[in-house]
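Hello,

Here is the structure I promised to hand over. Please open it first, then read the notes below it.

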Amino acid sequence: MQFAPPEGVRPGLVGTIIDEQANTIDVSATVIDLAARGYLTIEAVVADGAPRGPDWKLTRMVPTEPPETLLPYEQTLLAGIFAESNPVLLSSLKNKFHTTLTTVESQMYAEVTARGWFRKSPNQVRRGWTRLAMFAAFAGFGAFVWLGGMGQEIESAGGPSLAISPGVVLGVGLFVAAGIIYLLGQRMASRTAVGSAVLAQSMGFKEYLVSEEARQIRLEEAQDIFSHYLPYAIVFGVADRWAGTFSQVAESANLAGRPIGIPAWYIFSGSGGYGDYSGIAHGMDSFSTSASGTFTSTPAASGSSGFSGGGFSGGGGGGGGGSSW
């Protein structure tokens with residue numbers, strides 16, 4: 001069990017090393033991480049009775065603390081979100097953000113490779129094996145076309161009668177090989193010893209977030225810890241459990257006369273139950289789901305994206321809001 005995330009490892013990079021893929025969950029978690037670090041606010045814009053849930057208004061901010069040096073993919077992400085306006089509605093990025101998303105994901109792969117966590121970019125490894133699989137499939141098709149009648153030719157030349165043409169056998173074999181190469185190739189990215197250590201530390205931190213020990217957070221440390229750990233909980237898929245645990249910490253703080261407020265980067269007004277800690281997790285689930293669809297959307301003429309939308313497990317209801325963080 002690890003009581004803190006790996007030092008210097010951002011949530012999006014944790015998500016990338018866990019499943020060897022940079023995807024929209026990792027990008028959404030990065031947006032929330034940047035908000036928690038003071039670079040933007042996330043506001044739920046809810047119309048009473050709206051059937052599709054809230055839209056989200058993102059406002060770029062100047063951190064109160066001296067700004068950190070952002071990683072390249074973080075710089076690209078912020079620049080892409082606020083390329084046209086500040087603030088910006090998440091829905092307004094539809095059909096516009098997909099090229100930025102591709103760049104961000106490429107830079108995330110470059111970052112984990114530059115840190116020595118992988119011998120080669122996982123995305124490049126998968127592409128290489130996919131090309132090999134496509135080559136095998138085309139070769140199989142060629143075998144069908146050019147060698148499919150080989151059995152009849154052998155028989156016409158006085159050879160033995162064959163129930164199945166050798167060309168058909170070869171073609172089927174190559175098609176099967178192509179499928180195997182493709183499936184196995186998706187798992188061929190190779191972590192280094194350093195990458196394996198980071199993965200182990202990350203999974204140890206996940207264990208902490210869902211453990212009883214997480215309820216023992218010291219009150220003097222609790223003020224910032226919910227926001228700091230939430231993006232990691234997102235990529236682990238345990239945001240609801242982390243929010244539930246922290247709700248108990250906040251309750252204990254209130255009883256001790258040291259109340260903990262709702263983080264300032266998160267703004268909610270109106271009904272809908274996004275106003276307490278479990279509500280924030282539920283709200284960020286909604287944000288992640290919306291962001292997945294928005295970030296990957298392309299104009300109709302360009303076709304659809306290969307990524308599917310989806311969030312992480314969120315918590316329950318609540319109301320109101322505040323701003324002490």
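Helix 2 has 13 residues, and at 1.5 Å a residue they should span 18 Å. The end C-alpha atoms of helix 2 are 18 Å apart, which agrees. Keep in mind that this is a predicted model.

How much of helix 2 is buried? Most of the helix is covered, with 12 of its 13 residues buried. Among them are Thr24, Ile25, Val27, Val31, Asp33 and Leu34. The N-terminal end of helix 2 has a cap, Asn23. A side-chain oxygen of Asn23 sits 3.3 Å from the backbone nitrogen of Ile25. Gly38 comes just after the helix and has a positive phi of about 100°.

**The chain as a whole**

The chain has 325 residues, and 44% of them count as buried. Its secondary structure comes to 11 helices and 4 strands. Take the contacts between residues at least 6 apart in sequence: 73% of these join residues at least 24 apart. The accessible surface is about 15800 Å². Carbon and sulfur atoms account for 56% of that surface.

**Salt bridges**

The whole structure holds 6 salt bridges. Here are several of them, pair by pair.

Glu20 and Arg191 form one, at 3.6 Å from N to O. This pair links distant parts of the chain, 171 residues apart. Glu20 is in the loop between helix 1 (11–19) and helix 2 (24–36). Arg191 is in the loop between helix 7 (166–185) and helix 8 (193–209). Why does Glu20 count as buried? Its relative accessibility is 11%, and buried means under 20%. Arg191 is partly exposed, with a relative accessible area of 23%. Glu20 has a further feature in its backbone: phi is near 65°, a positive value in a residue other than glycine.

Glu43 and Lys57 form another salt bridge, at 3.5 Å from N to O. Here the link runs between strands: Glu43 is in strand 1 (residues 40–45) and Lys57 in strand 2 (residues 55–60). Glu43 is buried, with a relative accessible area of 19%. Lys57 is partly exposed, at 28%.

Lys96 and Glu84 meet at 3.4 Å, again from N to O. Lys96 lies in the loop between strand 3 (88–89) and helix 4 (98–114), and Glu84 in the loop between helix 3 (72–81) and strand 3, so the pair ties together parts that are 12 residues apart in sequence. Is Glu84 buried or exposed? Glu84 is exposed, with a relative accessible area of 65%. Lys96 is partly exposed, at 46%.

Asp33 is one of the buried residues of helix 2.

**Loops on either side of strand 3**

Which peptide bond is cis? The bond from Asn86 to Pro87 is, with omega near 5°. Pro87 sits in the loop between helix 3 and strand 3. Asn95 is in the loop between strand 3 and helix 4. Phi of Asn95 is near 65°, which is positive in a residue other than glycine. Asn95 counts as partly exposed, at 31% relative accessibility.

**The nonpolar core**

The largest nonpolar core has 72 residues. Which of its residues touch the most other members? They are Leu40, Ile42, Leu230, Trp242, Phe246, Met284 and Phe287. Helix 9 (residues 219–236) gives this core its largest share, 10 residues.

Leaving aside neighbours within four places in sequence, its contacts include Val31, Leu34 and Ala35. Those three are also buried residues of helix 2. Further contacts of Leu40 include Leu58, Met61, Leu78, Phe82 and Trp265.

Thr245 is in helix 10 (residues 239–255). It counts as buried, at 9% relative accessibility. Not counting residues up to four places away in sequence, Thr245 touches Leu209, Ala214 and Arg215.

Best wishes

Conventions: Residues numbered from 1 in each chain as written. Predicted model: local features only at pLDDT ≥ 70, side-chain atom pairs only at ≥ 80, totals over all residues. Heavy atoms only, no water. Salt bridge = Lys/Arg side-chain N within 4 Å of Asp/Glu carboxyl O. Helix = DSSP H or I, 4+ residues; strand = E, 2+ residues; numbered from the N terminus. Buried < 20%, exposed > 50% of the residue type's maximum accessible area, 1.4 Å probe, protein only. Expected span 1.5 Å × (residues − 1). Polar contact = N/O pair within 3.5 Å; in protein donor to acceptor, adjacent residues only side chain to side chain. Contact = heavy atoms within 4.5 Å. Areas by Shrake-Rupley, 256 points an atom, 1.4 Å probe, with all protein chains shown as cover. Core = buried A, V, L, I, M, F, W, Y, C linked by side-chain atoms within 4.5 Å.
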